[in-house]
Every structure is written in C-alpha cells, then in structure tokens.
Amino acid sequence: MQGTVTMYSTTWCGYCRRLKSQMDREGIAYTEINIEQDPESAAFVEKANGGNQTVPTLLVVAPTGTESVMTNPSLAQVKQALTA
C-alpha cells in the first residue's frame, strides 16, 4: 500500500512547479488542486496556514494512515512523511 500526496497550489507558484518537478523525477504520485479554482481547498490551506493562502501546501497520508500537512516542504520532507 502506498501513501497519497495532495498538493494545493496555484498556476503562478514557482515553488509549486519546482516541487512538482522534483516529485515527478522521484516517481512520487500526487493529486494537484488549484486553490484559485476550488474555494473549499482554499479554505483548507488558509486553516493550515494561519489564515494565509500559502502554497504549496501538501496533505500527505502515509501507508500507516498518518496524516501530515506541510507548507512549502522539501522533497526530503515529503519522502519522510510518506514513510511515517
């Protein structure tokens, strides 16, 4: 069983593009949600970031069921969350 990664992003976010490229290169599958087109996702990001729409915000669910919400994480942090 593999974990899941959901990336909350925007079209203009350079940090989002960089992290997507790194995860693609490492073979880490993810679902991307544009918070500018999904108000519920924007609200989730705001709640996770003290009222700010900071992206990328990731929701990582490890195979064990452990959930992590991370803001602008490194690739190493994403990998670590997937093994938690």
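A residue is called buried under 20% relative accessible area, exposed over 50%, and partly exposed in between (1.4 Å probe, protein chains only). This is a predicted model, where local features need pLDDT of at least 70, side-chain atom pairs count only at pLDDT 80 or more, and totals for chains, interfaces and linings use all residues. Residues are numbered from 1 along each chain as its sequence is written, and side-chain values use heavy atoms, with hydrogens and water left out.

Start by selecting Val61, which sits in strand S3; helices (H or I, at least four residues) and strands (E, at least two) are DSSP runs numbered from the N terminus. Val61 is partly exposed, at 22% relative accessible area. Setting aside neighbours within four places in sequence, Val61 contacts Gly3, Thr4, Thr66, Glu67 and Leu82, where contact means heavy atoms within 4.5 Å.

Next, pick Met23. Which residues does Met23 touch, not counting those up to four places away in sequence? They are Val5, Met7, Ile28, Tyr30, Leu58, Leu75 and Val78.

Met23 also takes you into the largest nonpolar core: of its 20 residues, Val5, Met23, Leu58, Val60 and Val78 touch the most other members. Such a core is a set of buried Ala, Val, Leu, Ile, Met, Phe, Trp, Tyr and Cys residues joined through side-chain atoms within 4.5 Å.
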